[in-house]
Amino acid sequence: MDEVRIAERTRQLLAERGLRLKKSLGQHFLTDRRILDKMMEAAGLGPEAGVLEIGPGIGALTERLAVEAGQVVAVELDERLIPVLSSLFSDQPHVRIVQGDVMSLDLSRLLQDHLGDCSRISVVANLPYYVTTPILMRLLEEKLPLDRIVIMIQKEVAERLTASPGSKAYGSITVATRYYAETEWVTKVPAHVFVPRPQVDSAVIRLKIRQRPPVEVRDEALLFRVIRAAFGQRRKTLLNALSTGAVDGEGKETISRVLSETGIDPKRRGETLSLEEFALLSNRLHEVTRN
Ligand SMILES: C[S@@+](CC[C@H](N)C(=O)[O-])C[C@H]1O[C@@H](n2cnc3c(N)ncnc32)[C@H](O)[C@@H]1O
């Protein structure tokens with residue numbers, strides 16, 4: 001089906017059910033088959049693969065996942081969409097629809113209950129934009145048994161997640177994400193392929209979850225505090241940004257010593273540091289402040 005026909009079908013389905021879309025829930029439905037093709041290619045599914053979809057809407061992506069994956073569990077917050085989804089997949093027992101908020105559900109349990117028999121599990125989703133970052137950080141920080149995450153998100157956020165050190169888009173979320181996953185750009189998605197059309201462009205990115213972090217870190221929580229502090233005051237030098245007490249109350253003297261011992265120029269700005277340098281810094285800080 002081409003884009004215009006899918007868009008028509010989407011509008012018709014919504015009209016038949018008397019559904020008015022909720023902007024507050026980020027309800028923009030995808031109508032472009034070629035974008036779905038690219039998402040499927042990036043996800044590399046198969047009969048042994050299980051998929052968690054977040055926000056199935058009226059099932060544009062779910063229909064493709066049902067064909068390409070062995071098991072699918074799709075979590076939708078909007079109760080009004082559940083009957084639409086249930087009737088669409090009533091004869092496909094390998095697709096389970098769960099009503100709930102992905103931010104409060106027990107995801108580890110959900111994956112175990114529905115996808116426990118799959119040899120690998122991916123998240124594939126066109127995420128609601130108002131809650132993209134919290135969802136992504138939850139998926140990563142909980143260390144769920146995931147292999148890949150293929151998500152459509154706001155283009156600016158995709159640029160942040162795939163940015164290089166020193167670039168304008170590089171931020172604390174770039175570094176934090178890199179600790180858990182290898183992040184790649186898949187494709188840009190123009191606003192006109194959605195019904196209704198959002199105000200911003202989107203993009204699809206892929207995260208390959210790492211078996212183990214690429215750097216050795218003594219204290220993960222401290223690493224993330226250092227990253228947040230360094231980016232919290234982007235205009236300041238590293239020495240000044242980290243000496244405001246934001247990292248465990250440490251003052252200028254300790255921070256200066258740690259920077260000199262790790263060979264990191266105190267005049268650099270936080271946004272130029274790589275994950276490896278943040279790890280070096282937080283490990284040294286851990287040693288110095290522990291003794
Ligand atoms: C951008 S739409 C994607 C719809 C569909 N997957 C598509 O591609 O056409 C996001 C969907 O996420 C749902 N949603 C919003 N917040 C949610 C949450 N906290 N938990 C689960 N689903 C949510 C919305 O109701 C909406 O259906």
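**Domain layout, helix packing and the ligand shell**

The centres of domain 1 and domain 2, taken over C-alpha atoms, lie 35 Å apart. The model is a predicted one. Domain 1 covers residues 3–209 in the domain assignment, and domain 2 covers residues 220–290. Nine residues from domain 1 and ten residues from domain 2 make up the contact. On the side of domain 1 that touches domain 2, five residues are nonpolar, three are polar and one is charged.

Helix packing was examined next. Two packed helices are described by the angle between their axes and the distance between the axes. Helix 8 spans residues 172–180, and helix 9 spans residues 220–232. Their axes come within 9 Å and cross at roughly 160°. Angles over 145 degrees count as roughly antiparallel, so helix 8 is roughly antiparallel to helix 9. The crossing of helix 8 with helix 9 is right-handed. Helix 8 contributes Ser172, Val175 and Ala176 to the contact. Helix 9 contributes Phe224, Ile227, Arg228 and Phe231. By class, this contact of helix 8 with helix 9 holds five nonpolar residues, one polar residue and one charged residue.

Helix 9 also packs with helix 12. Here the angle is about 120°, and the axes are 9 Å apart. The crossing of helix 9 and helix 12 is right-handed. Leu222, Leu223, Val226 and Ile227 of helix 9 make the contact with Phe278, Ala279, Leu281, Ser282, Leu285 and His286 of helix 12. Eight of the residues in this contact are nonpolar and two are polar. None is charged.

From helix 11, the residues in contact are Thr254, Arg257, Val258, Glu261 and Thr262. They meet Leu280, Leu281, Arg284, Leu285, Val288 and Thr289 of helix 12. Five residues of this contact of helix 11 with helix 12 are nonpolar, three are polar and three are charged.

The shell around the ligand has 22 residues, of which Phe29, Gly55, Gly57, Asn126 and Pro128 come nearest. Strand 1 (29–30), helix 3 (60–68) and strand 3 (71–76) are the elements that give two or more residues to this shell. By class, the shell has 13 nonpolar, six polar and three charged residues.

Two backbone features were found in loops. The peptide bond from valine 195 to proline 196 is cis, and its omega is near -15°. Proline 196 lies in the loop between strand 8 (194–195) and strand 9 (202–209). Lysine 143 is not a glycine, yet its phi is positive, at about 50°. Lysine 143 lies in the loop between helix 6 (132–141) and strand 6 (148–154).

Note on methods
Residues numbered from 1 in each chain as written. Predicted model: local features only at pLDDT ≥ 70, side-chain atom pairs only at ≥ 80, totals over all residues. Contact = placed C-beta atoms within 7 Å. Helix = DSSP H or I, 4+ residues; strand = E, 2+ residues; numbered from the N terminus. Nonpolar A, V, L, I, M, F, W, Y, C, P; charged D, E, K, R; others polar. Near = placed C-beta within 6 Å. Domains from an automatic or database assignment. Axes fitted to C-alpha atoms, helices over the stretch in contact; angles between N-to-C directions. Parallel < 35°, antiparallel > 145°, perpendicular 65-115°, else oblique. Left-handed = near helix turned anticlockwise from the far one by under 90°.
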